[in-house]
Amino acid sequence: MQISQFLVFLILFPLITALFMVLVRRDADRNWIVRISAMVIALITLYLLFVAFDQGSLYFAFGSEQVGQLMFVIELLLAVFILYLGVKYRKSFTVALILVQAGLLIFFETGLIPGIHPVNNLFIDQFSIIMALIIGIIGSLICVYSLGYMDTYHQLHPAIKDRRNLFFFIMFVFLAAMFGLIFSNNLIWMFFFWEITTICSFVLIGYSQTPEATNNAFLALSMNLLGGVAFMAALVYIALMDPSGRLFELNTLITSGYVIALVPAVLISFAGITKAALMPFSSWLVGAMVAPTPVSALLHSSTMVKAGVYIIVRFAPVLSGTPEGLMIALVGGITFLLASCIAISQSNAKRVLAYSTIANLGLIVACAGVGTYNLMWVAILLIIFHAIAKSLLFLCVGTVEHSIGSRDIEDMGGLIERMPKVALMMFIGMAGMFLAPFGMIISKWAAIEAFTAAPFGLVFITILAFGGSASLFFWSKWMGKIISVMRNQVNVEGSIKTEMWAVLSILTALVVVVALIFPLISSMLIEPFVMHIYGETTRLAQANLTIMILMLALLMIMPFSMLFQRRDQILTHPYMGGRPTVGEMKFAGSMGTTRDLVLSNYYMRNYFGEEKLFMIGVLLCWGLVLIAGVMLAGVIL
């Protein structure tokens, strides 16, 4: 098979699997189809790595006029579907947005591009290989994990209608759309897959069909439709600028120069900001936490938000050195700082993970907006490590919630005693987010160095320093909670299903393995891609690699030593400043009273409260978006 055939296979095979999800009724049959399909997708993406990593950028003239017409018909059907739901649920803003987008689409398809057919519709390079690995491996693992999770989910929530056939149908359509998006060199095709991801997220967020889930699903839909309107406007602009249609090819547009590419780059980057849930659009991703945990893991790690930062990173060479790019970078920087601070005030584990995701996506966009070669290297590395660690943490939180009945961090005290294996996995996942020598912290170090030579570099370095400090705070206090040793704890890991254990184990291993081999990933994939785009790249020194390996070995001593803790040791009563305690964790208070021993984290909501900081972020980021819009209008006029 040729490489182009593998690309088409990765787009179509998940669609075929999705159709089987609708037709198959027996749970056992569905489970086997999901397992086998996930394995096939993961193996094909790995094979694609081996055959294409050293091939550079490859472009393929795949497709025909009929394919484009089919996409147009599907887009219209989806618009009618959204319009119907918007009217049914009285969502006037959603109705207005889909009418505008559909109007632009019809004008574009019928009035501007008849006879225009970009030649190279598909492509692959090192960056798209990285994204394919994230989608194909992590996305497939999440689908397998969902088998056990959704079974328990419906046992714990009998009032929620069991729609697992629809759930797995949308999950695999989501993977297909993501593969289509990252392999599309034709921007018209990319827009089609872009909108498919919007619909998939809408359906998955509203899975439970509760009023809260429905409202949050429409919030996500509306904000992403706003980005879709901007994307569609970019296509209209390109069609008016270049009737030949060559600029619809992504590689041609990016290399066409600032004068032509800047307007569509900024418009599509705005669409990326909405899909990546940066401020002022971050509320949709926080609201998406009402969905089952595998949905959160998929949105955060390998699909929705990664599509947003992917497209902005693609346009980084165009944004580099422009005032509009600087505005986009500042939106990302402010999002990183404020979302990190908001995470401090959250005790709901999924909300902590949500704001952590928003923060790190903001940092990726800050790097892409400035757009220098070393910051593109940082952005891609952040995408890789964030995808692996965040998928692991979300799935661990879902497992803990089903086992102890809570996702509150305060209820996770002594988790190392109750769920020692899962606690170890969470420890490693959290370490991957903020401790050396994992790639997240390495990337932030590299970002600080790169920002020193960037416009307003001191501003970005200050943002990174304070935002990184906030990240250290909220991760370390959560980490301390789960490894605290408490009395009379019962192990509750026995109810975790085999599929869930397998996926959690693989993701934990990936966090460690990728930390060990990321210099190889950098040299084989990231550095050649950056070199091809900019003509220069970032390289890791041998001394730094040695230090990183030593730090990783030392870091692993602590979590793995917990597995060998003696269970027959005698624990004395805790020392409470001279006051005696009893086995139930109580201590003698004044005047003969007995008080409970309570250990709680600091959340400092008066300083880092969500309502206060979120509104500040919304106002600042809307201001920056409007400034970028005014600048862009000046370019157009």
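A cavity is a set of points, on a 1 Å grid over the protein atoms alone, where a 1.4 Å probe fits but cannot get out, and its lining residues have an atom within 4 Å of a point. This is a predicted model, in which local features need pLDDT of at least 70, side-chain atom pairs count only at pLDDT 80 or more, and totals for chains, interfaces and linings use all residues. Residues are numbered from 1 along each chain as its sequence is written, and side-chain values use heavy atoms, with hydrogens and water left out.

**View 1. The largest cavity holds about 100 Å³ of space.** Its volume is the space filled by probe spheres set on the grid points, which are joined across faces, edges and corners. The lining consists of Glu75, Leu78, Ala79, Ile82, Ile98, Gln101, Ala102, Leu105, Phe191, Glu195 and Ile199. Helices here are DSSP runs (H or I, at least four residues), numbered from the N terminus. By class, eight lining residues are nonpolar, one is polar and two are charged. Nonpolar covers Ala, Val, Leu, Ile, Met, Phe, Trp, Tyr, Cys and Pro; charged covers Asp, Glu, Lys and Arg; the others, Gly among them, are polar.

**View 2. The largest pocket has a volume of about 970 Å³.** A pocket is an open set of points with protein on both sides within 12 Å along at least five of seven lines. Of its 36 lining residues, Leu78, Phe169, Val173, Ile196 and Cys200 are closest to the centre. Helix 7 supplies the largest share of the lining, eight residues. The lining has 32 nonpolar, three polar and one charged residues.

**View 3. The second largest cavity holds about 40 Å³ of space.** Among its lining residues are Phe336, Ser356, Asn360, Met433 and Lys444. Helix 15 (323-344), helix 16 and helix 21 (457-482) each give two or more lining residues. The classes are five nonpolar, four polar and one charged.

**View 4. Asparagine 360 sits in helix 16 (residues 349-370).** Asparagine 360 counts as buried because its relative accessibility is 5%; buried means under 20% relative accessible area (1.4 Å probe, protein chains only). A polar atom of its side chain lies 2.8 Å from the backbone oxygen of serine 356. Leaving out residues up to four places away in sequence, asparagine 360 touches Phe336, His386, Met433, Met440 and Lys444. Contact means heavy atoms within 4.5 Å.

Conventions: Buried means under 20% relative accessible area, exposed over 50%, partly exposed in between (1.4 Å probe, protein chains only). A polar contact is a pair of N or O atoms within 3.5 Å; within protein, one must be able to donate a hydrogen and the other to accept it, and residues adjacent in sequence count only if both atoms are side-chain atoms.
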